[in-house]
Amino acid sequence: MTRPADTSPVRLHIVHTTTFAYPEPVVVSYNEARMTPLSSGAQRVVASTLTVDPQTWATTYTDYWGTQVTAFEVLAPHQSLWIVAEHVVEVRPPAPLTTTVGWDVLRAAATVDRRAEYLTDVPVTVPPDEVVALATEAVVGLDPAEAALAVCEAVRAQMSYIPGVTTAHTPASEAWAARAGVCQDIAHLAVGALRAVGIPARYVSGYLHPAHDGGPDDVGRTVSGQSHAWVEWWVGGWSAHDPTNSVPVGTHHVRLGRGRCYDDVAPLRGIYAGGAAADLEVEVRITRQA
């Protein structure tokens, strides 16, 4: 007898702390935070707070891509800015796709029109000719669902995970030239490669619990988590895959936002007047709860 798949949720407590320290007082700053997890599908947000100090005004709204945004400003002089996003999230294993489509449906005018935003590259995701050729070769003889995974694996096989080689705004082409980067670069390359063969793809920003074997020792143990990026592709329904770790997205991934690229879902962006370049510290701590 086949044992039914375990659909029990995993509950994660996440504390994401960002600290800016300025050598001289900042007169004013305006910021946007995309640090509230999505509550949909296999993911349910139990509680979520965003604390900013100092702060003179804040508002929240949902942007075009469906991500909750907290816009805030600091109108008093300050030499530090402290942002803490704290969440409790339940994540279930994703349900498998029950229906997939063929290449004829993906290439149909109706699909191309409806999924145009996830078929059209932005500058940071434009794949080099070598990547297009790699993806084109990888999909030969495969249906779209198989092809999407093959494309991600082909791209990942050529990249080394090396922090510090790229920045948040490095184009995929530069990461490819170096054959090195981090999760953001690998996700950008995978998104561009998928789009190049006609598979709608989007960039996902979130968190990763690094100790995810599901054993009893995980419960109650706080670990250093990671801000992370992965991809989703559409082949009749959306499927999620972590190309950096070459694994399906599961209960150890927590989604913050989806878009065309990093710029659509950057966790924090802003401008300020006065002061010099800030010292930045970021810490993500994740605890698996019972």
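Two residues are taken to be in contact when heavy atoms lie within 4.5 Å. By that criterion, and leaving aside residues up to four places away in sequence, Leu189 touches Pro128, Val131, Val155, Met159, Ala172 and Trp176. The model is a predicted one, in which local features need pLDDT of at least 70 and side-chain atom pairs count only at pLDDT 80 or more, while totals for chains, interfaces and linings use all residues. Residues are numbered from 1 along each chain as its sequence is written, and side-chain values use heavy atoms, with hydrogens and water left out.

A nonpolar core is a set of buried Ala, Val, Leu, Ile, Met, Phe, Trp, Tyr and Cys residues joined through side-chain atoms within 4.5 Å; buried means under 20% relative accessible area, exposed over 50% and partly exposed in between, with a 1.4 Å probe and protein chains only. The largest such core has 35 residues, of which Val151, Leu189, Leu194, Ile199, Val231 and Trp233 touch the most other members. At least two residues each come from several elements, including helix H4 (144-157), helix H6 (183-196) and strand S11. The largest share, eight residues, is supplied by H6. Another core lies apart from this one, with eleven residues, among them Tyr22, Ala33, Val74 and Ala85. In soluble globular proteins, nonpolar side chains tend to be buried together.

Helices (H or I, at least four residues) and strands (E, at least two) are DSSP runs, numbered from the N terminus, and two strands pair if DSSP finds at least two bridges between them. S11 pairs in the antiparallel sense with strand S9 (residues 201-208) over eight bridges, and with strand S12 (residues 238-242), again antiparallel, over four bridges. Val231 of S11 is the bridge partner of Tyr203 and stands opposite His241 in S12. Three residues separate S11 from S12 in a hairpin, and Gly236 in the turn has a positive phi of about 110°. S11 is mostly covered, with seven of its nine residues buried.

Aromatic side chains come next. Rings of Phe, Tyr and Trp (its six-membered ring) pair if their centres lie within 6.5 Å; planes under 30 degrees apart count as stacked, over 60 as edge-to-face and the rest as tilted. Five aromatic pairs are present. Tyr118 is buried, at a relative accessible area of 11%, whereas Trp238 is partly exposed at 26%. Ring pairs link Tyr64, Trp65, Tyr118 and Trp238 into a cluster.

Finally, Thr166 sits in the loop between strand S7 (160-161) and helix H5 (172-178). Its relative accessibility of 17% means that Thr166 counts as buried. Not counting residues up to four places away in sequence, Thr166 touches Ala175, Ala180, Gly181, Val182 and Asp185. With Asp185 there is a side-chain to side-chain polar contact at 2.5 Å (a pair of N or O atoms within 3.5 Å; within protein, one must be able to donate a hydrogen and the other to accept it, and residues adjacent in sequence count only if both atoms are side-chain atoms).
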